[in-house]
Each structure stands twice: as structure tokens, then as C-alpha cells.
Number of protein chains: 6
Amino acid sequence: MTSFATRLRARDRIVGFWQVTDNAVAAEHLAGLGYDYLCFDLQHGLIGYAGFLAGVTAVDAAGGVSLARVGANDPAPIGRALDAGAQGVIVPLVDSAAEAAAAARACRYPPAGGRSFGPMRAGLRIGPDPRAADEAVACVVMIETRGALDDIDAICATPGVDGVYIGPADLSLALGAPRPGAVEDLPEFEEALTRIAGAAESAGIAAGIHCFTGAEAARHLAGGFTFTSVSSDLSHLESAARASLQAARS
Amino acid sequence: MTSFATRLRARDRIVGFWQVTDNAVAAEHLAGLGYDYLCFDLQHGLIGYAGFLAGVTAVDAAGGVSLARVGANDPAPIGRALDAGAQGVIVPLVDSAAEAAAAARACRYPPAGGRSFGPMRAGLRIGPDPRAADEAVACVVMIETRGALDDIDAICATPGVDGVYIGPADLSLALGAPRPGAVEDLPEFEEALTRIAGAAESAGIAAGIHCFTGAEAARHLAGGFTFTSVSSDLSHLESAARASLQAARS
Amino acid sequence: MTSFATRLRARDRIVGFWQVTDNAVAAEHLAGLGYDYLCFDLQHGLIGYAGFLAGVTAVDAAGGVSLARVGANDPAPIGRALDAGAQGVIVPLVDSAAEAAAAARACRYPPAGGRSFGPMRAGLRIGPDPRAADEAVACVVMIETRGALDDIDAICATPGVDGVYIGPADLSLALGAPRPGAVEDLPEFEEALTRIAGAAESAGIAAGIHCFTGAEAARHLAGGFTFTSVSSDLSHLESAARASLQAARS
Amino acid sequence: MTSFATRLRARDRIVGFWQVTDNAVAAEHLAGLGYDYLCFDLQHGLIGYAGFLAGVTAVDAAGGVSLARVGANDPAPIGRALDAGAQGVIVPLVDSAAEAAAAARACRYPPAGGRSFGPMRAGLRIGPDPRAADEAVACVVMIETRGALDDIDAICATPGVDGVYIGPADLSLALGAPRPGAVEDLPEFEEALTRIAGAAESAGIAAGIHCFTGAEAARHLAGGFTFTSVSSDLSHLESAARASLQAARS
Amino acid sequence: MTSFATRLRARDRIVGFWQVTDNAVAAEHLAGLGYDYLCFDLQHGLIGYAGFLAGVTAVDAAGGVSLARVGANDPAPIGRALDAGAQGVIVPLVDSAAEAAAAARACRYPPAGGRSFGPMRAGLRIGPDPRAADEAVACVVMIETRGALDDIDAICATPGVDGVYIGPADLSLALGAPRPGAVEDLPEFEEALTRIAGAAESAGIAAGIHCFTGAEAARHLAGGFTFTSVSSDLSHLESAARASLQAARS
Amino acid sequence: MTSFATRLRARDRIVGFWQVTDNAVAAEHLAGLGYDYLCFDLQHGLIGYAGFLAGVTAVDAAGGVSLARVGANDPAPIGRALDAGAQGVIVPLVDSAAEAAAAARACRYPPAGGRSFGPMRAGLRIGPDPRAADEAVACVVMIETRGALDDIDAICATPGVDGVYIGPADLSLALGAPRPGAVEDLPEFEEALTRIAGAAESAGIAAGIHCFTGAEAARHLAGGFTFTSVSSDLSHLESAARASLQAARS
Ligand SMILES: [Mg+2]
Ligand SMILES: [Mg+2]
Ligand SMILES: [Mg+2]
Ligand SMILES: [Mg+2]
Ligand SMILES: [Mg+2]
Ligand SMILES: [Mg+2]
């Protein structure tokens with residue numbers, strides 16, 4: 001079976017879902033819907049370690065693929081997410097090619113990187129050969145700062161980086177938006193998206209972006225991006241419940 | 001402020017939401033949307049005691065009202081749900097007026113009932129006077145068996161029973177449906193609903209029914225029922241996420 | 001070493017503390033203060049199974065003795081509390097000698113009782129001989145209903161019942177108090193206490209009562225009771241924190 | 001694929017493992033070893049609801065089969081175990097054919113039984129047709145009291161009972177053993193085993209027994225029993241760790 | 001309503017309470033007593049992420065204000081505490097003005113700082129405008145090292161630092177005390193307090209100090225400090241329970 | 001009583017066990033078997049903070065000694081592990097004498113180090129004198145990189161470092177092994193072991209190594225190492241359960 005990392009690197013069209021709450025039961029149901037991955041947000045999501053571990057287990061029960069957006073570009077949490085069974089990480093706030101290289105190193109065993117060996121749960125599905133594990137793990141770095149934008153070509157060319165992923169809230173603030181995503185008067189934002197997707201394409205790596213609706217996801221997949229997450233369990237649940245309330249009271 | 005129990009007894013039009021997963025963060029967000037209550041399903045929901053306690057706390061943080069559908073018509077879990085801060089219970093599988101009376105007794109302190117005193121968390125919001133607490137707690141019994149249907153008038157006339165609540169899945173199976181809710185060829189089902197709502201109205205208590213969509217809720221509120229829950233967090237999340245996936249891939 | 005049950009049966013003067021929140025760290029600290037036992041309130045306390053298991057472990061870490069006030073007079077939760085390592089149970093709402101006998105049976109293995117064998121954690125400290133385990137476990141029944149008061153002599157004479165324990169909140173309501181503990185105009189309450197303590201003394205079993213302050217505990221220990229719990233972590237914490245706030249603002 | 005319940009009813013030779021601690025990671029590893037089922041002990045095991053839910057999810061992640069030994073012969077915990085995804089229950093302390101019938105009823109929807117509908121997690125794998133769910137769920141009753149032994153033929157003939165399961169610790173105590181399993185001088189014990197296995201064979205249902213070693217399991221499977229659990233994670237871990245310590249110090 | 005941060009910056013007299021155990025129920029009760037804030041100690045307290053999340057929710061249920069003493073001066077845990085709903089952070093071991101500036105940056109969105117956007121729970125109460133969120137968040141840095149003492153004027157003048165907070169245990173050790181708080185022979189300690197309070201006053205920011213009793217808090221509020229925490233739930237509970245035991249045994 | 005740290009420094013022969021799952025019940029059972037310590041693996045183990053806290057409490061209940069292999073060489077997690085009651089830490093990936101000095105500093109209070117004071121649970125067993133606490137805490141650094149091997153003499157001579165501990169999986173990969181532990185064709189590995197044990201002996205500190213079987217542990221203890229951990233609960237459980245399955249099916 002083709003691994004998720006392989007599909008990502010091949011720039012396949014990939015659609016994931018983004019979970020921000022600690023809810024393994026929901027994760028299992030969501031992972032069974034057909035999304036290509038379920039990403040647990042360990043940076044802004046309200047999920048501790050135990051919740052994440054339960055979540056990746058639930059996704060495996062559904063036959064799905066788990067990713068983790070880790071809390072920081074730091075080998076310790078990256079290693080923990082991978083040991084628990086995530087098939088890749090999305091690393092926030094990568095500000096330069098040097099930081100991208102550090103993220104990549106944290107995802108791979110020596111000699112390719114510096115990951116420490118101990119795949120206590122991941123080893124159930126990815127065998128003991130470190131090289132195979134390196135292959136099977138996806139390293140995605142987030143582009144959401146001005147520094148990253150300025151260094152985008154070098155970031156995309158960093159060995160071991162399998163994809164870039166735009167965080168539109170942070171990137172828009174970084175570019176001067178008054179509120180996250182308020183980019184109507186900020187043409188630089190759309191230009192940045194184009195620039196990033198182009199750099200990824202040139203480097204032959206995946207180009208991803210965080211979205212909030214399926215329609216937005218479709219538009220980006222049609223416009224140069226190869227993968228996207230629809231976010232989030234919490235906002236989807238709120239929208240659906242709000243709609244039901246309106247219907248009930250109408 | 002008028003308590004929830006008072007509104008229920010007054011047969012106000014009331015719309016709640018139904019939560020089946022252990023997710024206090026979602027509970028807080030949902031309780032802030034304007035629903036009249038959030039009911040934690042401790043019978044079929046995937047929620048243990050710790051999750052329920054976190055959930056009622058989260059609903060209080062949102063300024064909302066919590067109910068518990070308890071796991072059985074048993075004084076111990078009913079007392080625990082109320083001590084934790086639920087403003088009422090929905091008691092499943094009540095099969096007779098005698099069982100309804102037992103449910104009512106479990107919700108009230110002596111002399112009205114047999115609830116044991118110890119509102120460790122509920123006491124934060126409902127004062128030390130047992131009579132006031134009895135007033136502030138809603139006791140709703142589920143009508144979902146043939147026995148209950150046969151005894152519906154006596155159930156509705158049971159002192160301390162503030163409302164009845166139809167469980168359509170179980171009731172439809174009890175009436176012979178091949179699958180839960182498959183009532184197209186089962187006119188008895190619709191007749192039962194009418195009969196139950198009528199009995200409640202005659203007795204002057206609330207008439208409730210479990211629903212799955214806002215439209216269904218609106219129809220029932222227009223057709224003789226005074227309250228309804230839209231169910232559930234899990235199914236709403238699945239529907240919304242499925243729709244986003246279709247849109248993303250279209 | 002003399003077991004707690006032996007001391008209780010010998011009508012030693014015993015003072016325990018009463019915990020109502022899920023807080024193993026606090027349990028360990030409290031159990032180290034010199035109390036004869038720490039009782040986890042699984043009826044009205046806000047403690048689920050996992051919290052209780054952590055709590056008894058913490059008490060063992062402090063070298064203390066754990067009891068459980070179980071949620072109901074039911075063999076399943078009684079067995080679970082004992083299997084987890086409680087050295088005794090306090091069984092609520094025992095209303096007759098027959099119910100007291102059922103509580104006693106639930107605490108002891110055949111042939112003395114009907115407890116099912118499987119002391120998964122308790123077995124670390126109490127050996128495999130069922131007779132020794134029966135000896136080492138204390139069975140205390142609560143006297144807090146009118147039925148129990150009426151049947152007090154027979155309850156105290158029930159084989160396997162090691163002590164009675166008055167729940168003053170429920171007992172006062174049962175006797176007609178307007179609020180729990182509001183017994184100023186209810187001489188029957190004080191008479192009931194005397195009657196219960198006397199019946200226990202005649203039967204040669206322990207006589208206990210739930211208290212809220214150390215002074216109240218001392219008064220009862222001087223007046224015919226052999227054991228008492230000071231209640232609770234939550235009220236003690238609130239009182240102490242309230243006093244500190246007043247001092248800080250004075 | 002043949003369901004576990006079908007294999008059990010067909011009297012296939014089946015070997016399971018028995019888990020008594022709250023450890024989903026271990027459950028996933030154990031379920032991948034090739035055992036026919038992993039049974040979570042919710043009676044004597046140290047596992048609360050949240051731990052059980054995590055455990056069944058982990059077993060599904062390993063592609064295994066989960067059973068639950070529930071805490072009591074009570075519809076509420078039986079329903080909760082099945083709703084969470086257990087493919088069957090082992091019901092303790094069933095003392096008569098009437099109690100066996102109650103256990104069977106709790107496992108099946110109307111009209112076959114009285115299970116309430118709400119398979120919130122189980123529904124992920126077992127479809128919405130109640131009859132199919134009834135088929136897919138195994139109901140096993142424990143024979144571990146004198147009453148059960150006396151009524152064994154009627155128990156085995158009870159519709160909906162798919163197997164019997166001997167609890168040797170309790171059964172040996174019930175028959176007069178001085179310690180659980182101390183049956184050297186108790187020929188009635190071995191006779192009881194033969195009697196129970198024979199009754200099950202005559203009735204065409206599965207005959208199971210709890211074991212502590214693989215050798216014991218093999219002996220019973222060769223001697224008339226069709227299924228067995230090897231118990232437990234805790235005792236296996238202790239034995240293995242003790243052996244390693246001896247080797248390390250030798 | 002005036003936000004906590006505004007009151008802190010205005011150098012109002014503020015008294016908080018300090019929680020070191022994982023106990024949301026206690027947090028809710030404590031937050032209702034009238035303290036100006038409840039601070040969860042995520043550095044030395046025995047509270048993991050899930051416990052903290054439950055705690056801030058409970059404080060919101062009580063209508064209180066939550067702070068977090070984070071584990072380190074690191075943007076990741078600072079962001080997580082704020083996203084979860086803390087209205088401010090107390091950052092330990094800030095050793096210089098540069099470190100203070102880093103702490104302040106971690107609390108504020110661009111362009112004021114570098115906080116990443118994703119207030120998954122905080123967004124329930126603080127709206128989407130990053131500038132308003134920046135205003136509503138309090139950044140307090142701890143003065144508890146010799147480096148901080150030497151750089152105190154620059155630290156107090158650091159933009160975005162809303163207050164300083166003395167950790168007397170660490171500061172006393174840093175100044176040479178033989179045991180934490182053993183400052184009888186260490187006049188430098190009292191001088192340091194005066195120096196720090198004075199620097200804060202000159203800079204117009206809040207001056208805080210950790211206390212252990214209400215009397216100590218009152219003395220400091222009268223002597224130049226504008227805010228203080230009374231510490232802790234654990235020590236208050238121990239003191240109160242110890243006093244009750246003495247009274248019970250007297 | 002001689003503390004663990006004292007025994008370690010005295011180069012006593014010490015055998016520990018290594019736990020990688022969140023299972024306090026198992027920890028209590030394991031700690032009672034006679035191992036000199038139980039080490040919780042917070043780097044590669046599947047244990048969050050709450051699980052670790054429960055684990056150290058359980059080890060104390062068994063009268064054992066807890067260590068923590070922390071997730072990184074970082075003062076915050078080192079302090080948290082010690083505050084929770086670990087009697088020492090094993091610090092991974094220490095690559096130089098400077099890093100070893102940082103690890104040692106994180107374990108000791110001023111003036112010896114920079115540990116922040118707040119032993120909220122550790123203080124139950126280690127008194128308030130910081131010097132005594134410093135003495136009672138063991139600091140072990142892992143040698144598992146080429147950098148560490150090159151700097152081994154300086155690392156061993158670092159004040160405050162009580163022992164070195166070889167991580168054979170990472171060290172073998174660092175030295176070029178194709179898979180962790182595949183050192184048949186890698187004589188450098190065995191030479192490195194000799195070199196490290198010798199450096200520790202020269203410096204008079206403890207020499208430790210991670211093992212997987214008791215036999216391997218015995219061999220290393222006979223060959224120059226003074227302490228070893230047998231790893232792990234998960235692998236021991238799998239081996240024992242696999243053996244039972246084979247026996248059952250034979
Ligand atoms: Mg971002
Ligand atoms: Mg129903
Ligand atoms: Mg009571
Ligand atoms: Mg049994
Ligand atoms: Mg400090
Ligand atoms: Mg390593």
C-alpha cells in the first residue's frame with residue numbers, strides 16, 4: 001500500500017480534516033468518512049498528550065491516517081508525536097531554511113537526522129528498519145511568518161521537507177491584516193499564496209493550506225495547492241448545531 | 001430568574017441539544033449557541049463520570065442548562081447526576097406508573113422523595129433548602145416501551161413527573177419496526193406519539209421527543225410537543241464533515 | 001500490626017477524614033497527617049472510579065488506611081471498592097436488618113458471604129486466604145432513614161456488620177428537619193443519636209457519626225461514639241481560603 | 001468474515017487473553033499477537049469506563065475482537081459494554097436459568113430481548129439492522145456458584161445464551177475450597193467441570209473456562225472445553241519481570 | 001466590565017489564590033469565594049494540561065479569573081495557557097530584560113508580539129480582534145534570580161510587561177538563604193523586596209509577591225505591593241485538616 | 001536508610017525495570033518485585049504527565065524508588081519530574097560535557113544548580129533543606145551520540161553527574177548500525193561500551209546501560225557496568241502473552 005508520505009511527496013490531491021478537541025470517539029468517526037488524514041492540532045487545539053494518544057489509536061481503528069500539528073519546532077514533541085503513531089507532523093512557525101532543516105532532522109533517524117529511536121506504538125505499523133521509518137514519515141513545515149515567506153525557496157529546497165503548509169491566520173497577521181484572515185485590502189496575502197505554491201511546485205514538494213470550508217478547499221486544490229485540511233471539528237459542530245437550532249425555532 | 005424546571009413544567013417551547021461524546025470543550029461551545037439545554041447521554045453516550053462532571057461544569061461556564069439522560073432508573077446514578085449539577089434527568093425505559101414514581105422519588109429529598117442529601121457541586125447554584133432544590137430539579141421519564149404506552153395516563157399523572165420524553169428508536173422497535181425509526185408501515189407509531197402528547201397535555205406536564213434534525217424538531221413543536229432535543233454532537237459533526245469533504249472533492 | 005477492621009471492632013477511638021473531590025495528591029498529603037482513615041465519598045463525592053483508584057493508591061503511599069463510602073448497597077460497587085484496596089466500606093441508606101445483612105454478605109467471601117474473588121490490587125496487601133481477607137475488611141452501614149432507626153437493634157446484631165455510621169443530613173431530613181442538620185427544634189434527632197450509639201454498644205460494634213468540625217468530632221467521641229469522620233476536603237479548603245481572603249483584605 | 005459470535009456458537013476452539021488493568025496501549029499490542037479475543041475485566045479488573053472505551057478502540061486498531069466481563073448481570077452495564085464496541089459479554093455470577101435469560105435479554109434488541117438502541121460506537125462496525133446486531137453479539141454466562149451448577153442444564157438450554165464460562169476461583173470457594181483454586185482435596189470441583197462442559201455440549205453451546213497459563217488452557221481445550229482465556233496482563237507481566245530480575249541478579 | 005489586565009495595570013489592590021493540584025471542582029468553589037484570580041501553578045503544581053483545561057473552565061463557571069504560572073519562559077506553553085482561557089500568565093525565572101521582552105512577545109499577537117493565532121477556547125470570551133486580545137491579556141514576569149534583581153529597572157520598563165512577581169522561595173535561595181524563606185539573617189532579601197516594589201512603582205506597573213497566609217498578604221499590600229497570591233490549596237487543606245484532627249483528639 | 005542516589009554514587013550493583021506505558025497499577029506491582037528502581041520513560045514511553053504522577057505515587061505505595069527518563073535535557077521537565085517525586089532523572093541525548101553540566105544544574109538548587117524550589121509532592125519524603133534534597137537526587141546522563149562518546153571523560157568528570165547510561169539503540173545507530181542494536185558487524189559498539197564503562201569507573205561515577213533481558217543485564221553487571229534497567233513492561237508482557245498463546249495452541 002502506498003504510504004501517506006509517498007502520496008504527499010507525489011503531490012497527489014489530498015484532503016484532510018483538522019481536529020482541535022480531545023475526542024477519540026469523534027476522531028474514529030471522522031477518520032472513517034474518507035478524508036485522507038486527520039490532523040490533531042497540538043499547538044492551538046485543546047488536546048493534551050493522553051488525548052492525542054487516544055486519538056491516533058482511534059484513527060488507526062478506523063483505518064485512517066493521523067498527522068500531528070505539533071506545538072513547536074522542537075525535537076522532543078516531534079519525536080513523541082511520531083512515536084505515538086502519527087504518520088507525519090506539521091511544524092508551526094518555521095521561519096527559515098535552517099529551522100526547516102531542524103524540523104526535518106527531528107523526523108528522521110541517523111544518519112539522515114537526529115530522531116531518537118523508540119517507536120513504542122508507531123512500531124506496531126512501521127517496521128524496525130530506520131530507513132523505512134524515515135520514508136514513511138511526512139515532514140511538513142508551516143509558512144506563516146514573514147521570515148518564512150522571504151526564505152521560501154530555500155525552505156522548499158531543504159532535504160527532508162516533504163511539504164509546506166500555509167497558516168492563513170498567522171500569515172495574514174504577519175502581513176499586516178487587522179484581524180486573522182481579513183485580507184480584503186491586503187493583496188500581498190494572495191500574492192504570498194501564489195508565491196509559496198509556486199516555490200513548492202518548483203521544488204517538487206507538496207503545497208498545502210489550512211481551510212475552513214470544503215468550498216475553500218476545492219478552490220485551493222484547483223489553484224495550485226496539492227493538499228489542504230478542512231478545519232475544524234469544533235467549528236463544524238458549532239455551525240451544524242446552530243443551523244439545527246435555527247431550523248427548530250423557525 | 002425562571003429555572004429550567006419551571007419553564008418545562010409551564011410547557012414552554014424548549015429546544016435542547018444532545019451530546020453523546022466526552023468533550024467538555026464542545027459542550028461549552030454548544031451551550032453558548034442558544035439551546036435551552038444540553039443533555040449528556042449517560043445511557044448510550046460514550047461518556048463516563050469524569051467526562052460528565054467536566055461537561056456540566058463547561059455548560060455552567062457557558063451560562064447554560066445541563067440535563068443528564070441517566071443510564072437506568074436507579075436512585076444512585078440519578079442522585080449522582082443531580083449532585084454534579086444537572087438541572088434535571090431524563091430517565092430511560094420507564095415502563096409503568098410505579099417506575100415513574102420511583103424516578104420522581106429519586107429526584108426529590110424527603111418528605112417528597114428519597115434523594116440522599118449531598119449536593120457537592122449542585123449546591124454552588126441551588127441553595128441548602130431541600131424544598132427549593134426539589135423545585136429546581138426536573139424529572140422527565142422516557143416513554144419507549146409498550147408497557148409505558150399502555151400506562152401513559154397514569155405515568156403522566158404521577159406526582160413529581162415533570163415531563164415525558166419519547167425515545168423513537170426504542171419505541172419503534174417495541175412497536176414492531178424492523179429497524180429503529182423505520183415506521184413507514186407502522187401507523188401505530190404516529191398514533192402513539194399523538195396519544196403520548198395528548199396524555200401529557202391532559203395531565204399538564206411537558207411532552208418531549210428526541211429528534212435528529214432541526215426540521216423534525218420544528219414539526220414536533222408545532223404538533224403537540226413542548227420540548228425536544230436535537231441529536232447529536234456526533235451525528236452533526238459527521239454530517240458537516242462529510243459535506244465539507246464532498247465540497248472539497250467536487 | 002493490628003488491622004483497621006480489628007481496631008474498629010474493638011471500639012477503639014478512631015478519627016477519619018472525608019474526601020469528596022478527585023485529588024490523589026491531596027489524599028496522600030491528608031493521609032499523612034495522622035488520621036486513622038481517609039474515606040472517599042463515592043456516593044455524593046465528585047469522584048469517579050479512576051479517581052478513587054488513584055486515591056487509594058495515594059493513601060497507601062502515605063501509609064494510611066482507605067475507606068469507601070460506596071454509592072449504593074449493591075455487591076458490584078462494594079466488591080470494586082474492596083478489590084481496589086479499600087480496607088472497608090461505609091454503605092449508605094441501609095434501611096433494615098435484611099439490608100444490613102446484604103451489605104455484610106457483599107464484603108465477605110463464601111462461606112461467610114457472597115463476595116466474588118478477584119482482589120487485583122487489594123491482594124498486594126491482604127493475602128490469598130479468603131478468611132483473612134474477610135477479617136481484614138470492615139463493613140459499616142449507615143443509619144440515616146427512619147426504617148433503619150426502627151430496626152436499629154437488629155441491624156446492630158447482624159453478623160458481619162462491624163459498625164453503624166450516622167448520616168446526620170439525611171437522618172435529620174428523615175426525621176422532619178426543614179433543612180439538613182437543622183435540628184434545633186427536633187429533639188428526636190438527639191434522641192436518635194443516643195439510641196443508635198446505645199444499640200451499637202449493646203451489640204459490641206462500633207458507633208460512628210459524620211461530623212463537620214474537629215470540635216464536633218471530639219464532642220461525639222466523648223459522648224458515646226467510637227469513630228467519626230471530619231468532613232470534608234472541600235469544605236475545609238473553602239473555609240481556610242475564605243479566612244485567608246478576609247485576612248488579606250483586612 | 002465469520003463473526004466471533006458465530007465461531008463461538010460453532011464451538012470452534014478459541015483462545016483469548018484477559019486484561020485487568022487500564023492500558024489501551026498494551027491492549028493494542030496484545031490484540032495483535034493472534035489471540036481470538038481480548039476480554040476486559042470490568043468486574044475485578046482495575047478499569048473504569050473511560051479505560052474500557054480506550055481499550056476496545058485499541059483492540060479495533062489491532063484488528064482484534066473485544067469482550068467485556070461486565071461487573072454485574074444488569075442491563076445497564078451490559079448495554080454500555082456493547083454500545084462501546086465489545087463483541088460480547090461475559091456475565092458473572094449467573095445463578096439460575098432465569099438469571100441467564102435476563103443476561104441474554106440484555107444483549108438483544110426487541111423482540112428477542114430488551115436491549116435499548118443506541119450503538120454509538122458499536123454502530124461503526126455493526127450495521128443498523130437490530131437482527132444482525134443480535135446475531136453478532138455473544139452472550140456468555142459465568143458458572144461460578146452452587147446455584148448455577150445445580151441449574152446447569154436449564155442454563156445451557158436458555159435461548160440466547162451462547163456459552164458458559166467457568167470462574168474457577170469463585171466456583172472452588174463455592175464448593176468449599178479453603179482458598180481459591182485449592183481443589184486438591186475437592187473432587188467435586190473436577191466433577192463440576194466435567195458436568196458443565198458436558199451440559200454445554202449437549203445443549204450445543206460453547207463451554208469456556210478461565211485459565212492462568214497456556215498449558216492449562218491447552219489441557220482444557222483438549223478436555224472438553226471449546227474456549228478459554230489466559231489470565232492476565234498483570235500476572236503475566238509480574239511473572240516475566242520477576243524472571244528477568246532473577247536472571248539479572250544470578 | 002473592566003478586565004483583569006486593566007485592573008492589574010492600574011495597580012489596583014488585587015488578591016489571588018494559588019492552586020497546585022489538579023482539582024477543577026475545588027477551583028470552581030475557590031473562584032467563587034471572592035478572590036480576584038485563581039492562579040494554576042503549571043511549574044511546580046501537580047497539574048497536567050487536561051487538569052489545567054478543566055480548571056480554567058471551572059473558574060469560568062464560577063465567574064472568576066484564571067491565571068497560569070507557566071512552566072517556563074517559552075512561547076509554546078504560554079500560548080497554550082492563553083488559548084485555553086487564562087487571562088494572563090506568570091512567567092518564572094525571568095533573568096533579564098531581554099527575557100522579559102520575550103515573555104511579553106509570547107503574550108501578544110503581531111505586530112506587538114509573536115503569539116500564534118488560535119484561541120480555541122479563549123475566543124469564547126475574548127473577541128476576534130487581536131488588539132483587543134492583546135489588551136485583555138496580562139503578562140507578569142517573576143523576579144526570583146540575582147540576574148533579575150540586577151536588571152530590575154530595565155525589566156520593569158519592558159514594553160508589554162504588566163507586572164513583576166516575586167518568588168520568595170527561589171529569590172531567598174538565590175540570595176544565599178540556607179532554606180527557602182529562611183531570611184532572618186539575610187537583610188538583602190527585605191532590601192530586594194523594597195527595591196523591586198519601588199522599580200515597579202517607578203515604571204507604573206504592578207508589583208506582586210507570592211504569600212502563604214492572608215496576614216502576610218495584607219502586610220505586603222500595605223507595604224508597597226499591588227497584588228499577591230495566597231498559596232496554596234494544598235497547604236491550606238493540610239493546615240485546616242491538621243487543626244481539625246487536633247481538635248477531634250483533644 | 002541509604003538513599004538510592006547514595007547507592008548509585010557508591011557504584012553498588014543496581015537493577016531497575018523500565019516502564020513505557022501509563023499503568024500505575026502495574027507500576028505498583030512491579031515495584032514490589034524487588035527491583036532497585038522503576039524508571040518511567042517520558043521520552044519514548046506512552047506516558048503523559050498525569051500518568052507519570054500516578055505512577056510515582058504507585059511506586060511509593062509499593063515502597064519502591066522511581067526514576068524518570070525525561071523527554072529532553074531541559075530544566076522544566078527535569079524539575080517537574082523531581083517535584084512529582086522521582087528520586088532521579090535519566091537525561092537523554094546529552095552530547096557534551098557542557099550539556100551534562102546543564103543537566104546536573106537542573107537537578108540541584110542554588111548554589112549548586114538552578115533548580116527552582118517547589119517540591120509539591122517530593123517534599124513529602126525529602127525534607128525542606130535544599131542541600132539534603134540535592135544529595136538525595138540522582139542525575140544520570142545518557143551516552144547515545146557520537147558527541148557524547150568523544151567527550152566521555154569530561155562528561156564523567158562533570159560535577160553533579162552521578163552516572164552515565166548507555167542507550168544502545170541510539171548509540172548503535174549513531175555508530176552506523178543498519179538497525180538499532182544490529183551491532184554484529186560493528187566492533188566500535190562494543191569498544192564504545194568498554195570505553196564508557198571505563199571512563200565512569202575512572203571518574204568514580206556509576207556506569208549504566210539499558211538492557212532487554214535479565215541475562216543481558218547479568219552479563220553487563222559482570223562486565224564493568226554498575227547499574228542497568230531491564231526493558232520494558234510492554235515487551236515483557238508481549239513475550240509472556242505470546243508464549244502463553246503458543247502453549248495454549250500446542
Ligand atoms: Mg499558525
Ligand atoms: Mg431509548
Ligand atoms: Mg446520606
Ligand atoms: Mg468470579
Ligand atoms: Mg520560583
Ligand atoms: Mg535513546
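A salt bridge, as used here, is a side-chain nitrogen of Lys or Arg within 4 Å of a carboxyl oxygen of Asp or Glu. Searching the whole structure by this rule turns up 78 salt bridges over all chains. This is a predicted model, in which local features need pLDDT of at least 70 and side-chain atom pairs count only at pLDDT 80 or more, while totals for chains, interfaces and linings use all residues. Residues are numbered from 1 along each chain as its sequence is written, chains are lettered from A and ligands numbered from 1 in the order in which they are written, and side-chain values use heavy atoms, with hydrogens and water left out.

**View 1. A salt bridge within chain A.** Let us start with one pair. Side chains of opposite charge can pair when their charged atoms come close. Here A:Asp83 and A:Arg115 form a salt bridge, with 2.9 Å from N to O. The two partners come from distant parts of the chain, 32 residues apart: A:Asp83 sits in helix H4 (residues 75–84) of chain A, and A:Arg115 in the loop between helix H5 (97–107) and helix H6 (130–136) of chain A. Helices (H or I, at least four residues) and strands (E, at least two) are DSSP runs, numbered from the N terminus.

**View 2. Where chain A meets chain B.** Contact (heavy atoms within 4.5 Å) involves 34 residues from chain A and 34 residues from chain B. Together the two chains bury about 2800 Å², 70% of it on carbon and sulfur atoms; buried area is the accessible area (1.4 Å probe) that two parts lose on being put together, summed over both. On the chain A side, A:Leu33, A:Leu237 and A:Ala248 lose the most area to chain B, together 20% of what that side buries.

View 3. In a salt bridge between B:Arg249 and A:Asp36, the closest N and O atoms are 3.1 Å apart. On the side of chain A that touches chain B, helix H12 (233–249) of chain A is one of the elements that supply at least two residues, and H12(A) gives the most, with 13 residues.

**View 4. The barrel of chain D.** Eight strands close into a barrel in the order S1-S2-S3-S4-S5-S6-S7-S8, with parallel pairing; two strands pair if DSSP finds at least two bridges between them. Strand S4 (residues 88–91) of chain D is joined to strand S5 (residues 138–143) of chain D by four bridges. Within this pairing, D:Val91 stands opposite D:Val141 in S5(D).

**View 5. Where chain D meets chain B.** This contact takes 18 residues from chain D and 19 residues from chain B. About 1400 Å² is buried between them, and carbon and sulfur atoms give 63% of that area. How many salt bridges does the rule find across the interface of chain D and chain B? The rule finds zero, while eleven residue pairs are in polar contact, both at pLDDT 80 or more.

Notes:
A polar contact is a pair of N or O atoms within 3.5 Å; within protein, one must be able to donate a hydrogen and the other to accept it, and residues adjacent in sequence count only if both atoms are side-chain atoms.
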